[in-house]
Each structure stands twice: as C-alpha cells, then as structure tokens.
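Visitor: I have a structure open and have not looked at it before. Can you walk me through it?

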Amino acid sequence: MSSAPRSEGRSGRRRLLALLALLALLATACGVKSGVADQAVSSGDGDGAAAPAGGDGDGAAAPAHEPGPDDTAGVSDEDIVIGIHAPVTGASPIPQTSFDVGKDIYWAFLAEADPEMLFGRKVKVVFRDDEYNPNRAVSVCREMVEQDGAFLLVGGGGADQITACAKYADEAGVPYLSAGVNEAGLADLRTYFAATMTYAEQAPLLMDHATESGFENVAVVVSDTPSFQDAHEAISGAAEEAGVNVVLDTTLSKAPAEAEVLATVQQLKDANADAVLLLHSPVTYIGLASQARNQGFDPVWFGPGVTMGLNAVTNFGCPGVARGQFLSPTPALDVIDELDPDFRPAYERYAGGEEADDIGLQLWSLNKAIALMLAETGEELGRAVFMNTLESSEGFDNGIYAPIEFTAEDHFGGTGAHLLQADCDLKQYTTAEQFVGVG
Amino acid sequence: MAATVETHADEMAPDDHPAKARFRPSAAGLVGRGIVWAAIAWLVLVFPLGRPGFEVQRFSQAVAYAIVALSLNVLLGYVGQISLGHQAFVGIGAFASAYLVTVQGQSFWVGVVGAAAIGGAQALVLGGVSLRIRGLYFALVTLSYGLVAEQNIFQIQELTGGGQGQAAPKPSGFETDWRYYYLCLAFLALVLWIDSRMMKSKGGRALLALRENPRVAATFGINVRLFTLFAFVVSGAFAGLGGALIAHNNTFVSPEVWSFNLALVFVIMTVVGGLRSRPGVVLGGAFFALMPYLVDKLGWLERALAAIPAPNDLTPELAPLVLGPILLLLTLIATPGGIGQQIRPLQGWLLGGRFDPHAQGPKEVQITDVRA
Amino acid sequence: MVDALEDRSRVIAIGAAVVVLIGIIAAAGEEEALVIGTISGAAYGLVALGLVLIYKSSGVFNFAQGEFGTVAVYTLYLLHFHVPYGVALLGAIAVATLFGLVVERAVVRPLFDAPRVILLVATAGIALLAVAIEIWFGGAQGKAVDRAFPTLDRVTVLGVQLSDQRLLLIALLVGLAALLGWFFTRTDLGVAILAASQQPTATELVGVSVRRLSSLVWALAALLGGIAGVIAIPEGGSFTPGVVTFSFLIPAFTAAVLGGMTSLPGAFLGGIIVGVVQAVATSSSLFEDIPGTPGTLMVFVVLLAVLTIRPQGLLGKTA
C-alpha cells in the first residue's frame with residue numbers, strides 16, 4: 001500500500017471521469033449535428049417575404065409576398081393572435097394599467113358589435129414589456145411568435161425597440177405594424193408597416209405650421225441618438241424649403257445632466273428663439289421647458305411625435321409646457337366623440353371601471369386600423385395574403401387616424417396627423433387642428 | 001475488506017496524518033458522485049435540446065455572462081481592483097466583433113479573436129492607470145470610463161452603424177440557437193482552462209499571496225507588477241470574448257444596453273457568485289442572466305410575487321430588479337463567500353473528496369484602499 | 001511646518017490655475033457656463049457632502065447616497081397633497097434620515113469589519129433595491145412637485161436667472177460645508193468620529209461607542225442627502241425613480257474625488273468644476289465633433305488628469 005499507486009489511482013479516477021464527460025459531450029454533439037439539422041433555424045424561419053432583403057434593384061416593383069411554411073401561424077377558425085410589445089419599465093415607460101386595460105377594449109367591443117367582420121374569429125392580444133431595451137424587444141418578439149403563436153406583431157413605442165423587433169420580424173416573415181418613428185433601418189424591410197407618419201414625414205407639416213404661425217426665430221433641438229438622424233436631416237431640409245429662419249440647430253444627449261439642460265436653455269435664450277422644434281423624450285421635454293421657465297424664457301415648443309402629445313406630459317410638465325404644440329396620430333380626447341362615438345361607451349362597458357385615457361385611444365385606433373386590414377384580407381387569412389392586401393389596398397380609414405395608404409414600395413402609410421395644444425388649466429392636451437396635411 | 005481497513009485507518013489518524021489526506025470514496029460514494037456528475041452534464045448538455053430556440057438563446061446569454069463573471073473575477077477576486085465600468089470592456093468586445101464581421105467582412109473567428117484582443121488592449125491601458133491610481137479612486141475612474149464608453153465611444157457612427165445597431169450574424173456552421181449554445185459552452189471551457197492555468201502558475205500564486213502578505217510575494221522572484229498587468233489583459237480579453245458572444249447571440253449590438261446599471265449587475269453577479277471561486281462565479285453569472293426567465297417559468301413564483309400587497313403588481317420583468325439586490329444583500333451579510341462558499345462542500349465531494357460542510361475557501365478579498 | 005507651507009503653496013497654485021481657467025472660459029464667450037456650472041455644481045456638491053462625510057468616518061464609498069435624496073423627494077410628493085408644504089418638507093427629510101438609520105443598522109453594522117469593496121457593493125445593492133421599490137410602488141412614470149419658493153428671478157448673473165430655490169441650494173451648501181468643517185475640527189463628537197475611523201480600538205478604549213457613532217454618521221449623511229433631494233430635484237421639472245442616483249450621484253462622486261475625498265470645501269469646488277466642464281462641453285462649439293455627449297468625455301479627462309497629477313485630489317491631504 002505505498003503512496004504512489006494510491007495517488008495515481010485517484011488521479012486516474014479523475015481522468016476517467018473527465019474522459020467520460022468528454023465522451024458524453026461528443027455523443028451529444030453528434031446528436032446535435034444530426035438532430036438539430038431538422039429543427040427550425042433560429043433566424044430566417046418562414047419565408048413570408050419572397051424578396052431577399054435589399055436584393056431587388058431600385059425601381060423594380062417589389063414582388064408579391066409568397067406564403068411560407070408558417071403562413072397561417074396564429075390563425076385558427078376561432079381566433080387570431082396579435083403580439084404587442086411596449087416599454088412599461090425602463091426609460092420613457094407607458095403606464096402599465098392603461099396598457100393592460102386598453103389593449104383589449106377594441107376587440108371586446110368588436111366581438112359584440114360586429115362579430116362577422118373578422119369572419120367569426122376573435123382577436124387575442126398577447127402583451128410583453130420590452131423594458132425599453134432593443135435586445136429585450138427582440139427576445140420578447142421571438143417569444144410572442146415562437147411560443148405564443150402570434151400571427152402579427154405590433155410595436156407600442158420606442159424607436160430603437162421597434163427597429164430591432166422589426167428586423168427580427170422581417171427575417172421571420174412576420175408582419176409588423178407600429179406607429180411611425182424613424183425611417184432609417186426600416187425602409188428596406190419587407191414585412192414592416194408604419195401605420196402613421198414618421199418623424200421625417202412630419203417635418204414639412206411642422207415647418208408649414210411654423211410659417212403659418214409666424215414664428216420668426218426657430219430653434220431645432222434633437223436627441224443625440226443615431227436613430228433620429230434621418231428625422232434631423234428631414235427637419236433641416238424642410239426648414240430650408242419652407243424658408244423658415246433657423247437660429248439654432250443643436251443636439252442634446254439622450255439623458256442629459258442638469259448642467260447640459262441648463263446650457264442648452266442658455267443657448268436657446270441667447271439665440272432669441274421664439275419657437276423650438278423639439279424631437280426628444282417627454283422627460284427631457286419637461287425638464288427643458290421647466291428650466292427654460294426658470295430662466296424667464298418661454299418659447300413655443302413644437303414638434304413631431306406620439307409620446308410628446310400624451311397627457312402625462314401636461315400632467316407633470318405644467319406650467320412649463322403650457323405653450324406646447326405637438327403633432328399626434330390621434331386627436332386629443334376632447335374631439336374623440338365626434339370622430340368615433342363608440343370609443344367612450346366601449347370603455348364604460350368593458351373597462352371595468354377604468355377611465356378612457358389617451359393611451360387607450362392610441363391602442364383603440366391602432367387596433368381599429370388592424371381590424372380593417374384583417375377584414376379586407378378576407379376569410380382566407382395568412383401572413384402573405386395579409387401583407388399583399390396592405391400593399392394593394394386603396395387605403396384604410398378608421399376615422400381617427402388620417403387614412404393609411406401603403407404601396408409595395410412604400411410601407412410608411414401615414415398621410416396626416418393632428419395638432420395638439422397643451423392646456424395647463426385642464427392639464428390636458430386639446431386638439432388645435434385635425435387632419436393636418438391630408439388632402 | 002481492504003476498503004473498510006482503509007477508511008478505518010483514515011478515521012483513526014489525526015488530521016494532518018498522510019493517510020487522512022488521501023481520502024478515497026467507497027464504491028457507493030463513487031456511484032453517487034457519478035450520478036450527480038451525470039445529472040449536471042444532462043442539465044447543461046442535453047436539457048437545452050428539448051427547449052425552443054428563443055429559450056436556448058437565453059441559455060447562450062447565460063454562458064456569455066458566466067464568461068463575463070469570470071473576467072470580472074480575475075480583476076476583483078485575484079488582482080483585487082474593482083471595476084465599475086466593466087460593461088465597457090464587454091461592450092467594446094461586442095462592437096469590435098460586429099464591426100469586424102459586418103463592416104470589414106471578416107469571419108466570426110477573426111471577430112472573436114479581435115474582440116478579445118481589443119478587450120485585452122483596453123484593459124492593459126487601464127491596468128497601467130491602476131498602477132498609479134489605486135483602490136476606490138480607481139473604481140471611480142473605471143466608472144467614468146464606463147460612461148465614456150456608453151455615451152461617446154458607442155456613439156461613433158462607423159462603429160455602431162446608426163442607432164439600430166450593428167449587425168452581428170452568427171458564424172456559418174453554428175447558425176441555429178442550439179449549435180451556438182454549444183459553441184458558447186466550448187468557449188466557456190476554454191476560459192476556465194486558461195483561468196486555472198494562469199492562477200496555478202508562479203505569477204498567479206504570487207498575485208494571490210500579494211494580498212495577504214506583500215513581503216512573501218517578493219520572495220517568489222516574480223515581477224508582481226508585470227503579472228498584475230498580465231492579469232488585467234486576461235480579464236479584458238475574457239470580457240471582450242464574452243461581449244462578442246453576446247453580440248452574435250443577439251445578432252445585433254446597440255449602444256443602449258451598456259449602461260452603468262449593467263456594470264452594477266456584473267459586479268453583483270460576480271460577488272454573489274463568490275469571489276475567487278470559479279464554479280461560484282459561473283453559477284452567479286448564469287443565474288443573473290436567467291433570472292427573468294426563471295421567474296417567468298416558475299408559475300408559482302409569479303403568482304406568489306403578484307400576491308404581495310402593493311399598488312402595482314410585481315411583474316416578471318420587475319421581479320429581478322427587486323430580487324437581485326435582496327439576494328446580494330443577503331449574500332454579503334450572511335455568506336460573503338457567495339454561491340461559491342455554499343457549494344464548496346459539494347464541490348469537494350464531487351472531486352472525490354469527503355463531503356465537508358465546513359470547507360474553507362481562500363481568504364476574504366482585500367482591496368487596496370486609499371484613504372487620503 | 002514644511003508640510004503646511006507645501007500645502008499652502010499648493011493651494012495657491014491651484015487657485016491661480018482656477019483663475020486662469022476662468023479667464024480662458026470668459027474669453028471664449030462662455031462665461032454663462034461658469035454660472036450654470038456653479039448652480040448645478042452646487043447640487044452635486046451638496047450630494048458630495050454626504051459622500052465625504054461617510055468616507056471620512058468609515059472609508060466607504062456610499063452608493064446609496066443618491067437614494068436618500070430620491071426617497072425624500074418621493075415622500076415630499078406623497079405628503080404635499082395632504083399637509084402644508086413646509087411640513088411635507090420636514091417629513092421628507094425625516095423619512096430620509098430614518099432610511100439612513102435603517103440602512104446602517106441592517107447592512108452597514110453587520111459588515112462593519114468587512115473589506116471596503118464589499119460595503120461599496122452593498123450600498124450599490126441598497127440603491128438598486130430602493131429604485132426597484134420606487135418603480136414597483138410608484139410606477140415608472142415621472143412625477144412632479146413644486147419648488148418651495150416660487151420666485152424665479154431673484155437675481156440675474158451674466159444673463160442666467162437664479163431662482164430663490166437655487167440660491168437656497170447654494171446657501172445650504174456653503175452653510176452645511178462650513179458647519180461640518182467646524183464639527184469635525186472643533187467639537188468632541190466630530191473629533192471622536194475621525195478618531196474612530198482611524199483608530200477604532202483606541203477609541204473604544206477611551207470609552208466612545210464606535211457603533212453609536214456609526215449610526216449618527218449615517219443618519220447625518222442621510223439627512224444631508226434628503227436635503228439635497230428636496231431642494232435640488234423640484235427645480236428640474238419632473239422626477240423619475242432613482243432620479244438622484246442617475247442624475248447626480250456620479251457627478252457628485254467625481255466632485256468629491258476631485259476635491260479630495262476627505263475635504264469638505266473640496267466637495268464644493270469639485271462640484272463646480274464638474275458642472276462647469278459639463279456646461280462648457282455642451283454649449284461650446286469646440287466640442288461639437290465629439291460623438292455622443294461631450295460632457296461625459298470631458299469630465300473623464302479632467303478626473304484622470306487630476307488624479308494622475310495630484311492623486312489625493314485638489315484639496316485633499318496626502319495620506
């Protein structure tokens with residue numbers, strides 16, 4: 001019983017264990033090679049879109065969508081599954097309860113009011129928080145498609161998250177709809193459709209508004225994120241065309257420190273701006289407006305957007321935001337009863353006591369537009385025919401948005417917007433002008 | 001019969017008797033250990049095969065986080081310097097790999113090597129700085145550097161390819177989630193091997209000794225300063241590698257995720273994992289990466305959390321934000337050795353030793369403090 | 001004697017450098033940045049006071065300092081609907097102080113002898129937990145609360161208006177820094193705290209309870225943090241969970257380190273430097289081409305430069 005064999009024995013045993021583990025690994029690897037080849041590839045799943053991304057030459061008409069292997073995923077005789085992602089936590093979040101309640105109201109209403117519009121199918125909505133994080137957005141979008149079986153995806157907000165998920169949706173051949181945000185990175189995607197005007201498209205409207213309102217010295221402040229760059233260029237171009245006098249054109253970082261906000265306010269003051277076109281987050285808007293007011297500087301704040309026109313801004317930003325005028329795809333709640341008398345009663349009936357709010361209106365309008373799209377596609381519902389219908393249709397008019405028009409080449413369907421004016425007495429936005437830019 | 005005699009002799013011998021040192025498990029003990037090893041192997045290697053693709057993608061992320069935890073462990077556990085900007089190293093690795101593959105048209109392997117190299121180079125510079133600026137001040141410098149990475153470096157257009165992020169496609173031959181996962185595991189094994197070789201070397205042992213007794217370190221005859229720099233480089237290289245794996249796992253990299261918050265998550269997962277314990281930090285990293293997934297999957301947990309009385313529900317997205325810090329505080333106060341300390345008895349047992357509930361690991365971490 | 005002379009000449013040299021820099025900034029037409037830097041720097045300095053206090057007494061980098069302020073603001077917001085503003089203010093500061101005491105008892109006390117890095121990580125954990133609970137209970141949305149004094153244009157300096165609230169902030173900073181300085185050098189208690197941090201055993205031998213001192217220090221730091229929160233945050237319009245941590249803590253740490261981590265007037269000076277650097281970087285066209293946020297890069301450069309040239313900070317004493 002000398003020491004040598006025993007220690008050798010122990011290390012020998014260790015080596016055996018290691019060898020066994022290695023063999024196990026190799027065995028499974030072999031299994032991986034043969035077995036996994038049959039399983040679905042992680043990206044590039046179904047072939048909803050026939051045209052390879054960017055493969056077509058410019059100018060050639062984009063071919064119609066061809067059904068892929070997952071064409072009817074999410075569609076059964078009884079229901080259609082829609083997946084929505086939006087930021088409920090993280091920076092620039094949307095109130096959770098508003099979202100939870102609002103996402104289903106229209107579909108509950110439709111199921112009772114006109115069940116045959118979708119040929120007897122009900123719409124089931126799955127919602128996931130993307131935490132204002134593009135990687136997480138892709139992750140939850142994959143989950144909604146692969147696990148929850150979503151037929152189409154909807155982006156609730158957040159330009160970077162929408163862009164990330166849209167790219168995934170394009171690879172997977174899943175139709176993806178969102179409110180209009182940036183254009184870069186989205187323009188070439190075959191399955192992405194913007195239901196409302198992008199920031200770049202809103203730029204000329206804003207500049208016309210500037211001239212009509214008689215703004216003499218206009219300043220432009222844009223958030224420093226690369227995804228806003230195409231919007232920034234469009235704004236500068238539109239300003240030149242409309243002959244607007246731009247006295248300051250600067251960027252402000254995404255989450256600015258107080259000193260930076262103050263410095264920007266000082267620059268605006270020194271430039272004598274009477275109106276500031278702002279493309280940024282609502283939190284920064286409130287901060288800028290508030291600090292500006294501290295400095296006795298009170299310009300008109302205006303700009304494009306969906307989130308800038310939300311009542312959360314007026315709720316917390318008054319009195320700094322009192323002179324704010326922002327475009328929005330939906331009008332404010334003050335005129336909604338004329339445009340869609342079903343909205344408030346539906347909330348009373350289905351919302352379990354929750355009050356109708358502007359988030360609810362955004363969701364209602366988007367869902368209503370989707371309903372029109374689904375209805376027009378017809379009873380034989382599949383991803384490819386859905387997208388072909390979107391591209392070939394005359395347009396979709398839900399009465400709240402400006403009419404939505406897509407072509408095979410142009411998936412940015414917004415044709416107009418509403419101008420909202422902040423009202424700090426009511427702490428809400430009111431509608432200053434409806435359907436700007438239409439007709 | 002021989003086995004009984006052996007064990008009896010072991011028990012009778014005093015603790016430092018040579019016989020005691022050579023504990024041999026019985027046949028039943030071997031079988032038991034074998035079963036546990038097989039279970040671990042099954043969990044890591046076979047279980048993911050049955051899961052859907054997007055779940056396996058999360059597992060790959062967990063493996064990459066484990067590599068990041070190992071890299072931070074080199075800095076925090078071995079060298080004894082805290083980095084509050086580690087997300088910069090990882091992020092630079094991610095962007096470097098994406099850039100090399102997408103913009104420069106190189107292969108994935110070049111991208112990964114490039115990411116590790118750039119991560120290492122960066123860390124070398126920071127290591128040089130650390131020789132001059134120590135302790136908590138150094139921590140602040142790394143924090144500030146992390147912010148510079150997030151707000152300046154990752155905003156460079158050529159690097160980031162516009163706000164949508166730079167594409168980072170998976171390597172050919174490993175396009176499926178499952179294959180990529182095994183690839184990540186292979187990289188993890190490589191990192192573990194390099195780490196253990198490094199710390200077994202003379203320089204590694206000198207580094208560990210330095211903390212407990214600087215004079216002893218001098219007797220090793222190693223230029224400890226040089227080895228410290230080397231350790232920095234290794235840490236940076238691991239981090240860069242982890243970043244590259246994360247980038248290709250998500251197939252794109254965007255600037256937003258590399259915030260100071262992430263730096264804190266990295267530090268927390270390494271500390272909770274247990275400094276200087278390799279299996280500990282691997283588990284710590286994996287656990288923190290998978291936490292949202294676990295909360296989602298364990299239905300009873302989700303229900304229990306939602307039942308907590310509060311104005312809002314504790315959703316699966318919110319839960320890790322709350323649970324993470326609580327776990328951290330519990331770890332720090334109750335078991336400073338983290339997960340590593342907890343599994344040490346098991347670890348020893350699995351490697352053929354006795355199951356010793358009072359197993360002691362290396363001594364506590366000491367960071368050089370500067371009090372001006 | 002030689003040390004004192006050396007220190008004095010160093011301080012004079014630094015003072016001269018500061019004057020020169022001010023001259024350069026003014027010549028570049030960015031003199032407003034000086035004012036902006038001072039007023040936002042005052043907020044950083046106030047937070048930094050708490051950081052320096054805790055570092056001086058226990059060698060810990062307290063990452064939870066920002067959350068003392070955020071908790072105070074949230075309390076102010078909740079209370080001001082139900083009670084007069086002044087009462088709400090006091091209540092908010094009291095709650096923050098209580099929070100500090102709880103943190104000390106529950107986390108700092110058990111880790112009393114642990115390595116400082118463990119404590120740093122623990123305070124970071126507390127901060128994260130506080131933010132998570134704020135999101136959970138309060139919602140992730142922004143909220144707003146009015147400032148204490150409505151007058152916006154009490155004084156105008158170089159074209160920048162200073163509101164009553166801002167002046168109060170500066171006054172508080174100067175006053176509190178002076179008070180703390182006097183406390184540490186002239187009172188028994190203050191000296192005891194410093195002694196306890198350097199020679200804990202000796203202090204215990206003399207009959208001073210080191211643990212009781214620890215509670216006092218943390219309560220004091222939380223008080224300072226709470227004051228910083230309720231005075232500085234309402235100026236900014238709205239606030240979100242973790243606001244003080246995300247907007248003020250890191251510049252405050254930089255300020256404290258720049259000033260020399262144990263120097264109270266240093267914290268003030270450091271705060272102003274950080275504020276001015278940020279302001280100049282934002283408005284000056286020199287920095288336009290820096291990708292992303294120029295302020296962040298410039299603060300990093302300044303930090304690195306100061307620590308390399310003078311590792312103990314501008315006004316710190318050598319160890």
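Visitor: How much of chain B counts as buried?
Guide: This is a predicted model. In chain B, 51% of the 372 residues count as buried.

Visitor: And what secondary structure does chain B have?
Guide: Chain B comes to 17 helices and two strands.

Visitor: What share of the contacts in chain B join residues at least 24 apart?
Guide: Counting contacts between residues at least 6 apart in sequence, 76% join residues at least 24 apart.

Visitor: Let me pick one residue. Where is Ala168(B) found?
Guide: Ala168(B) sits in the loop between strand E1 (166-167) and helix H9 (177-200) of chain B.

Visitor: Is Ala168(B) buried or exposed, and why?
Guide: A residue counts as buried if 20 or more other C-beta atoms lie within 10 Å of its own. Ala168(B) has 25 other C-beta atoms within 10 Å, so it is buried.

Visitor: Which residues is Ala168(B) in contact with, leaving aside its neighbours within four places in sequence?
Guide: Its contacts include Ser97(B), Ala98(B), Val101(B) and Thr102(B). Also among them are Ala247(B), His248(B), Thr251(B), Phe252(B) and Val253(B).

Visitor: How far apart are Ala168(B) and Val103(B)?
Guide: In sequence, Ala168(B) and Val103(B) are 65 residues apart, and in space they are 9.9 Å apart, C-alpha to C-alpha.

Visitor: How many bridges join E6(A) to E7(A)?
Guide: Six bridges join strand E6 (residues 218-223) of chain A to E7(A), and the two run parallel. One residue to look at is Val220(A), whose bridge partner in E7(A) is Asp249(A).

Visitor: What about H5(A), which of its residues are buried?
Guide: The buried residues of H5(A) include Tyr199(A), Ala200(A), Glu201(A), Gln202(A) and Ala203(A). Further along H5(A), Leu206(A), Met207(A), His209(A) and Ala210(A) are also buried.

Visitor: What do the buried residues of H5(A) pack against?
Guide: They pack against E6, E8, strand E9 (300-303), strand E10 (324-328) and strand E11 (417-423) of chain A, along with helix H6 (229-242).

Visitor: What span should H5(A) have at 1.5 Å a residue?
Guide: The 15 residues of helix H5 (residues 199-213) of chain A should span 21 Å, and the end C-alpha atoms are 20 Å apart, which agrees. Just after H5(A) comes Gly214(A), with a positive phi of about 75 degrees.

Visitor: What about the sheet of five strands, what is its order?
Guide: The order is E2-E1-E3-E4-E5 in chain A; this sheet is open, with parallel pairing. Strand E2 (122-129) and strand E5 (192-194) of chain A each have a single partner strand, so one side of each is left without a neighbour in the sheet.

Visitor: How many bridges join E4(A) to E5(A)?
Guide: Three bridges join strand E4 (residues 176-178) of chain A to E5(A). Ser178(A) stands opposite Ala194(A) in E5(A).

Visitor: Now chain C. How many of its residues are in contact with chain B?
Guide: 49 residues of chain C are in contact with 44 residues of chain B. The largest share of the chain C side, 15 residues, comes from H5(C). By class, that side has 33 nonpolar, 14 polar and two charged residues.

Visitor: What ipTM does the predictor give the complex?
Guide: The predictor gives the complex an ipTM of 0.85, with a pTM of 0.84. Chain C averages a pLDDT of 83, and 96% of the residues score at least 70.

Methods. Residues are numbered from 1 along each chain as its sequence is written. Chains are lettered from A and ligands numbered from 1 in the order in which they are written. This is a predicted model: local features need pLDDT of at least 70, side-chain atom pairs count only at pLDDT 80 or more; totals for chains, interfaces and linings use all residues. Two residues are in contact if their C-beta atoms, placed from the backbone, lie within 7 Å. Helices (H or I, at least four residues) and strands (E, at least two) are DSSP runs, numbered from the N terminus. Ala, Val, Leu, Ile, Met, Phe, Trp, Tyr, Cys and Pro count as nonpolar, Asp, Glu, Lys and Arg as charged, and the others, Gly among them, as polar. pLDDT is the predictor's confidence in each residue, from 0 to 100. Two strands pair if DSSP finds at least two bridges between them. The expected span of a helix is 1.5 Å times one less than its number of residues. A residue is buried if 20 or more other C-beta atoms lie within 10 Å of its own, exposed if 12 or fewer, and partly exposed in between; C-beta atoms are placed from the backbone.
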